[in-house]
Number of protein chains: 2
Amino acid sequence: MYYIGIDLGGTNIAAGVVNEEGKIVKSGSVPTKRERNHSEIIKDMAELVKNLISEAGLKNEDVAYIGIGSPGAIDSKNGVVMYANNLNFRMVNVREEMKKHIDLPVYIDNDANCAGLGETKFGGAKGAKNSLTVTLGTGVGGGVVIDGKIFGGTHNVGTELGHMVIVRDGEQCSCGRKGCLEAYASATALINQARSAVARNLDSKILELANGDLSKIEAKTVFDAMHAGDEVAAKVVDNYLEYLAEGIANFINIFEPEVIAIGGGVSRQGDFILVPLREKVYKRVYGGVTPPVQIKAAELGNDAGIIGAAMLGAQY
Amino acid sequence: MYYIGIDLGGTNIAAGVVNEEGKIVKSGSVPTKRERNHSEIIKDMAELVKNLISEAGLKNEDVAYIGIGSPGAIDSKNGVVMYANNLNFRMVNVREEMKKHIDLPVYIDNDANCAGLGETKFGGAKGAKNSLTVTLGTGVGGGVVIDGKIFGGTHNVGTELGHMVIVRDGEQCSCGRKGCLEAYASATALINQARSAVARNLDSKILELANGDLSKIEAKTVFDAMHAGDEVAAKVVDNYLEYLAEGIANFINIFEPEVIAIGGGVSRQGDFILVPLREKVYKRVYGGVTPPVQIKAAELGNDAGIIGAAMLGAQY
C-alpha cells in the first residue's frame, strides 16, 4: 500500500508517494501562489496528487489516503484549516474541497506536527514512543509525539515550542512577546547574533565568507567560519547553543521524552553542535535517576513533513 | 465502592477513605518520621489504612484499592519509588511492601500528579480532558492530565513545571539552574520578593502585619497588606503575577489544555489574583482562533493529593 504526503507551504506545495517503509518513491511540487482563493490552491493540490499517482504507475486503489501538513491551526478531526496566516485560509474545509477532485480519504494536521511524526516513525526519533522534534529554521517549530500519536493540545493549537519565554523582557519575538526561544534559537536568531558579533569584530572570517556584506550572512556562513578556525564564529555558536540548551532543558523537564530530534539546517552540523549541546543540556536537567533523554539530529530534512503527513492515517 | 487515598509527605502520612463522588468520608494521619527505614514507614502507612477502613465501618472488600501519592520519581507501573529525596527512599517497591501488611491492590504515583488528577476529576479542572494543575507552595508543582490520564513523561519524571527557566541567568533555583519559574512564582519566592520590597520600604503595612519582623512575613501577610490598601504589597503582588503569567503563558503555548488550575495557598485569594492573572496571561498567549484556556483556582486544597491518589486505579 502507498500513502500520499503533502507539505502545503506558503511558497510551494510539495508532495510525495510514500511506501510502507517511509520512503518517497515519487515526488513533485507546484507553486502555491498563495494570494489565490483556497479553492484554486486545493484544486492544484489534487491535480498534483493525481499526476504523482499516475507517474508512479499506481491507481487510486493502491493508495490508502492523502495526508496533508498545513501551516496554522488545524482541526484535524474535521479536516479544517481554522486559520493559516501565510495561506490566507480561514475555516477552510480542506477535506471536503479535496473530495470534489479526488476520491481518497483525506487527513490533515499542522506541518510541524507532521514533521515530528515523520521523524518519530522513520527519522531521528525512530522507535520512540515519546518524542519532540524541534525544528530550527526561520522560526522554531515543535512537533510532539506522545505514545506514538501527535499531541497538539485541546484544539490542536498547542506545542508552539518556539513561543516559550526563556529570557523575560528579552529580544522581541514575532509573536508579540519578548524573550521567546524562537528569538534566540531559530536560524534567523543565529544570523542576527552573528551580524551583531561581526559588527563589533570586522576582522571575523564570517564577514569574509559573506563577501564583506553583513546582509549575506547565513547560518551556514557562521558554521563555515567556525570550521575555518574563526574565534568570533565559535563564540557566536557557543552562545547560540547556550540559549538552545536552556530551551531544550526546559522541554526535558516538562515532557521527559525519550528522544529530542533537532531539525533544520543547523542540525546538518551534526556532532559539531550535538556534542556541546548535550553537555549544556545535561548539566541543566532536573533529576537524574532515569536514562538521559537522547538528543539527536533529525534525519528526514525537508522530507519530514511529506513523510509524516503520509503517516497521518494511523493517528485518528 | 470506596477507595483509599494516601498523601505520603515528608512530615505526615495523610490518608482518607474516598467515595465514588470523590468525597473523603474518613481521614486520618500519622507522622512520617522520615529518618526511619522505609519498611517501618510503609508499615505505619498500612496500619493507618487498616484503622481508617475499620473506623469508617468498612471491610477490605468494600475497598477497591489503595492509591498512594509520593514525592519523588515514581515507577507507577511497578509500584516503585525510584528516588524521593525527602523520604530517603531509593528503589523501594512500595507495592510489595504494602502487600506484606494488607491485602488490597496498591497504586502509586507522584504526589503532584495525584493532585492534578484529583483537581481534574473533582476539583477546579473538573470535566476537563486536558488540564494542568500548577501548585504554588514551597516550590511550584505540576500535575498534567492529557486525555483524562496523568501524563508524566517516559519514566514518569517529567512535568517538573516549576523547573522551566523563564529568566535566563536569573534568581538561583534549588535545582541548580538560574531563573526557573519556581524561583519567581512559588509562595517562597513571593515571600522573598516581599522581604526585599519591605527592606526598601520600611513603612509598608506588610512589616506592620509581620510585627516588625521580616522573617515573619508569609504569603498571606502580603495579601492582607494589599487588601488593607498597602501600595508596596500591591506592587509586590502585581510583579509576582507578571512572572507567574509568563510561566502560565508558556504552558498554554506548549500544552493548550482546557483548564489550568492554580493551587496552593496563593489561590485562596481567588479573583484577587485570578482576574489580573488572566489579563496578564491572555495578552501573552499565541494564536487566538480557539476558545481561551480557562484559568481557575484549584478547589481541593490539601485534599487534592488524597483524592487524586484514590482515583489512581482507573489510570493504568
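Modeller: The model is predicted, so local features need pLDDT of at least 70 and side-chain atom pairs count only at pLDDT 80 or more, while totals for chains, interfaces and linings use all residues. Residues are numbered from 1 along each chain as its sequence is written, chains are lettered from A and ligands numbered from 1 in the order in which they are written, and side-chain values use heavy atoms, with hydrogens and water left out.

Biologist: Why is Thr159(A) called buried?

Modeller: Buried means under 20% relative accessible area, exposed over 50%, and partly exposed in between (1.4 Å probe, protein chains only). Thr159(A) has 3%, so the residue is buried.

Biologist: What is Thr159(A) in contact with, leaving aside its neighbours within four places in sequence?

Modeller: Contact means heavy atoms within 4.5 Å. In chain A the partners are Asn113(A), Gly142(A), Val144(A), Phe151(A) and Gly152(A), and in chain B they are Asn253(B) and Ile254(B).

Biologist: Why is Gly212(A) called exposed?

Modeller: Its relative accessible area is 55%, which is over 50%, so Gly212(A) counts as exposed. Gly212(A) sits in the loop between helix 6 (205-209) and helix 7 (219-227) of chain A; helices (H or I, at least four residues) and strands (E, at least two) are DSSP runs, numbered from the N terminus.

Biologist: What makes Lys220(A) and Asp224(A) a salt bridge?

Modeller: The rule asks for a side-chain nitrogen of Lys or Arg within 4 Å of a carboxyl oxygen of Asp or Glu. Here the N to O distance is 2.9 Å, so the pair qualifies. Both residues lie in helix 7 of chain A, four residues apart, about one turn of the helix. An α-helix has 3.6 residues a turn, so residues three or four places apart point the same way. Lys220(A) is exposed at 53%, whereas Asp224(A) is partly exposed at 30%.

Biologist: What does the salt bridge of Lys129(A) and Asp147(A) tie together?

Modeller: The closest N and O atoms are 3.5 Å apart. Lys129(A) lies in the loop between helix 3 (111-122) and strand 9 (131-136), and Asp147(A) in the loop between strand 10 (140-146) and strand 11 of chain A, so the pair ties together parts that are 18 residues apart in sequence.

Biologist: How do you know how much area is buried between chain A and chain B?

Modeller: Buried area is the accessible area (1.4 Å probe) that two parts lose on being put together, summed over both. For chain A and chain B that comes to about 3,700 Å², of which carbon and sulfur atoms give 58%. On the side of chain A, Arg168(A), Arg177(A) and Ile254(A) lose the most area, together 21% of what that side buries.

Biologist: How many salt bridges does the rule find across this interface?

Modeller: There are six. One of the salt bridges joins Glu246(B) to Arg168(A), with the closest N and O atoms 2.9 Å apart.

Biologist: What makes the relation of the chains a two-fold axis?

Modeller: Copies are superposed by least squares on the C-alpha atoms of residues with pLDDT of at least 70 in both. A rotation of 180 degrees with 0.0 Å of shift along its axis superposes chain A on chain B (RMSD 0.0 Å). That is the relation of a two-fold axis.

Biologist: How do you know that the copies meet through the same surface?

Modeller: 100% of the interface residues of chain A are also interface residues in chain B, so the surface is the same.
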